[in-house]
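Reader: I'd like to learn how to read a structure like this one. Can we take it feature by feature?

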Amino acid sequence: MQLTEYIPNYVVFDLETTGISWKQDEVIEISAIKVHNHKVVSEFTTLVNPRCEIPYSASQINGITDDMVKDAPIFETALADFLDYIEEYVLVGHNIHAFDMKFIYRDCKRYFGKVPGNDYVDTLKVARSCLPQLRHHRLTDLAGYYGISIDGAHRALNDCRMNQVVYERLGKEGSMNPLLVKKCPKCGNLLKKRNGKFGLFWGCSGYPGCRHTENL
């Protein structure tokens, strides 16, 4: 199930692939970072042999070549190790609802006959809610907004490290942190930050049924 919560214990993960289609492309790198009480405690990373040529266009983005993965494990092996690593932790990642989780579900079903039941938080969805004033919400955009280095972006482990810091920073935003959540006094729904003609304001998530607003 997809969550939008700020939690203390989780695993950030990221994939690099041969392309953008979960229906036909393959994983070539998988990485993860385990977090306890908002502190990183361990890392997991491995290249993956996709048993096919890596398109030049993919290598141009992530820097991973056929020669780099020729001796790497196949994804069935890497995925089993990844599942052992994540246990029952909530997963965190950027755009994982539309991308990474689809690869994970597809290949878990392909190799193991079932999909993992881990809940997950997609920081893209969270960022769009918490930071509506930003024009774009790519991971590098969020890193830039928070002053986080983007060196090594588009390699899985570096993106995990970046995303872990972004998630913690997003957790300080009022609409994500349950300790700072604001509720609509009229209908009880959550108030969300919205960007209007005159700047940011709190708007009821029950809109248009409820039109209550408050100044930030």
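Reader: How many residues of strand 2 are buried?

Author: A word on the source: this is a predicted model, where local features need pLDDT of at least 70 and side-chain atom pairs count only at pLDDT 80 or more, while totals for chains, interfaces and linings use all residues. Residues are numbered from 1 along each chain as its sequence is written, and side-chain values use heavy atoms, with hydrogens and water left out. Now, buried means under 20% relative accessible area, exposed over 50%, and partly exposed in between (1.4 Å probe, protein chains only). Strands (E, at least two residues) and helices (H or I, at least four) are DSSP runs, numbered from the N terminus. Strand 2 is mostly covered, with 8 of its 8 residues buried.

Reader: Which way do the residues of strand 2 point?

Author: In a regular strand, side chains alternate between the two faces of the sheet. Here Y10, V12, D14 and E16 point one way, V11, F13, L15 and T17 point the other way, and all are buried.

Reader: And which strands run antiparallel or parallel to strand 2?

Author: Two strands pair if DSSP finds at least two bridges between them. Strand 2 and strand 3 run antiparallel, joined by 8 bridges; F13 has A32 as its bridge partner in strand 3, and Y10 stands opposite V35. Strand 5 (residues 91-93) runs parallel to strand 2, with 2 bridges, and V12 is partnered there by V92.

Reader: What about strand 3 itself, buried or exposed?

Author: Of its 10 residues (27-36), 9 are buried, so strand 3 is largely enclosed by the rest of the structure. Strand 3 also pairs with strand 4 (residues 39-47), antiparallel over 8 bridges. Their hairpin has 2 residues between the strands, and N37 takes a positive phi near 50 degrees.

Reader: Now the pocket: what is the volume of the largest one?

Author: Rolling a probe the size of a water molecule over the atoms shows where empty space is left. On a 1 Å grid over the protein atoms alone, a pocket is an open set of points where a 1.4 Å probe fits, with protein on both sides within 12 Å along at least five of seven lines; lining residues have an atom within 4 Å of a point. The largest pocket has a volume of about 660 Å³, the space filled by probe spheres set on the points, which are joined across faces, edges and corners. Of its 24 lining residues, L15, E16, F99, H154 and D159 are closest to the centre. Strand 2 gives the most to this lining, with 5 residues.
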